[in-house]
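I opened the model to look up its fold and its aromatic rings. My entries follow.

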Amino acid sequence: MTNKKQILDYAFTEAVSTVNLNSVTKELAEDIIATAMFGYAGREGYEFTKEEVHATIVAGMETLAKSREDFTIQTWTMK
């Protein structure tokens, strides 16, 4: 059985795949992701609070930022 954090993380992963983070501002990206996460919740029969969604987005965006740093270092060393 999955717990709520796993469901929130899955909703974030699905939502973040719908937006090109490099083409929108951080604030707009967060709004788009939140809307998609609430859409996922409604479609799948879950309920998320605004606070849960916000915390998941903040944590997810931090993880994505760290992964970009690793990729930047990798491409720099390949030159």
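I call a residue buried under 20% relative accessible area, exposed over 50%, and partly exposed in between (1.4 Å probe, protein chains only). By that scale tyrosine 46 is partly exposed, with a relative accessible area of 35%, whereas tyrosine 40 is buried at 7%.

I noted the source: this is a predicted model, in which local features need pLDDT of at least 70 and side-chain atom pairs count only at pLDDT 80 or more, while totals for chains, interfaces and linings use all residues. Residues are numbered from 1 along each chain as its sequence is written, and side-chain values use heavy atoms, with hydrogens and water left out.

I looked up the fold next. The chain has three helices and zero strands, counted as DSSP runs numbered from the N terminus (helices H or I, at least four residues; strands E, at least two). Of the 79 residues in the chain, 27% are buried.

Which aromatic cluster did I find? Tyr10, Tyr40 and Tyr46 form one. I count rings of Phe, Tyr and Trp (its six-membered ring) as a pair if their centres lie within 6.5 Å; planes under 30 degrees apart are stacked, over 60 edge-to-face, and the rest tilted. The structure holds two aromatic pairs. Tyrosine 10 and tyrosine 40 make a tilted pair, 5.6 Å centre to centre with 55° between the planes. Tyrosine 10 sits in helix H1 (residues 4-16) and tyrosine 40 in helix H2 (residues 26-44), so this pair ties together parts 30 residues apart in sequence. Tyrosine 40 and tyrosine 46 make a stacked pair, at 6.5 Å centre to centre and 15° between the planes.
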